[in-house]
Amino acid sequence: MPLKKQPKSLEHQSLSRVPKLVKEVCKNAAETYSEKYYKLKILSGGVFIEVDRAIDKFQEVLITSTAHYFHKEISEQTLFALSELLQDQASHKGNGDYSSYLHQSEEERRKWWLKDQIILRFSSLLCHPAVLHLSLPGD
């Protein structure tokens, strides 16, 4: 006789939401800070200080405030989300957005560049002593 289908555990449901959470936080930070700082020269570095603060707070919630036995799954899901987000950004450049990139104003190009840099900085979420394992799901 087949076993009854078990409902998903709360832990499993929570872990399945990590990629969406990481993507949303990362996208919102990229949009907010690139819009706020695109007029400044990159040398000021103010945008990266604020982004690093936001990453530290998110890291505290995502890694520090969770039980250690979830860290492997959280790191895998975070890597998966960041990989997807970077692939989405690259595909937008490849689908005609990049050709229009050359015709954009300097401010628009600076916004684009800042968004890319902010998304890349979110990889530091996983630079924490509690993260002992890094691999993409399926590896």
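Tyr-69 counts as exposed, at 54% relative accessibility, where exposed means over 50% relative accessible area, buried under 20% and partly exposed in between (1.4 Å probe, protein chains only). The structure is a predicted model, in which local features need pLDDT of at least 70 and side-chain atom pairs count only at pLDDT 80 or more, while totals for chains, interfaces and linings use all residues. Residues are numbered from 1 along each chain as its sequence is written, and side-chain values use heavy atoms, with hydrogens and water left out.

A pair of aromatic rings is described by the distance of the centres and the angle of the planes. Rings of Phe, Tyr and Trp (its six-membered ring) pair if their centres lie within 6.5 Å; planes under 30 degrees apart count as stacked, over 60 as edge-to-face and the rest as tilted. By this rule the model holds 1 aromatic pair. The ring centres of Tyr-69 and Phe-70 are 4.7 Å apart and the planes stand at 55°, so this pair is tilted.

Although 55 residues separate Leu-15 from Phe-70 along the chain, their C-alpha atoms are 8.3 Å apart. Leu-15 is buried, its relative accessible area being 16%. Beyond residues up to four places away in sequence, Leu-15 touches Phe-70, Glu-73, Ile-74 and Gln-77, contact meaning heavy atoms within 4.5 Å.

Attention now turns to the nonpolar core, a set of buried Ala, Val, Leu, Ile, Met, Phe, Trp, Tyr and Cys residues joined through side-chain atoms within 4.5 Å. The largest such core has 26 residues, and those touching the most other members include Val-22, Tyr-33, Val-51 and Phe-122. Helix H2 (18-37), helix H3 (46-64), helix H4 (71-101) and helix H5 (106-121) each supply at least two residues of this core. Val-51 touches Tyr-33, Ile-118, Arg-121 and Phe-122, residues up to four places away in sequence not being counted.

Helix H3 also contains Gln-59, which is buried at a relative accessible area of 10%. The Gln-59 side chain reaches the backbone oxygen of Leu-125 at 2.9 Å and that of Cys-127 at 3.3 Å. Leaving aside neighbours within four places in sequence, Gln-59 is in contact with Thr-64, Ser-124, Leu-125, Leu-126, Cys-127 and His-128.

Conventions. Helix = DSSP H or I, 4+ residues; strand = E, 2+ residues; numbered from the N terminus. Polar contact = N/O pair within 3.5 Å; in protein donor to acceptor, adjacent residues only side chain to side chain.
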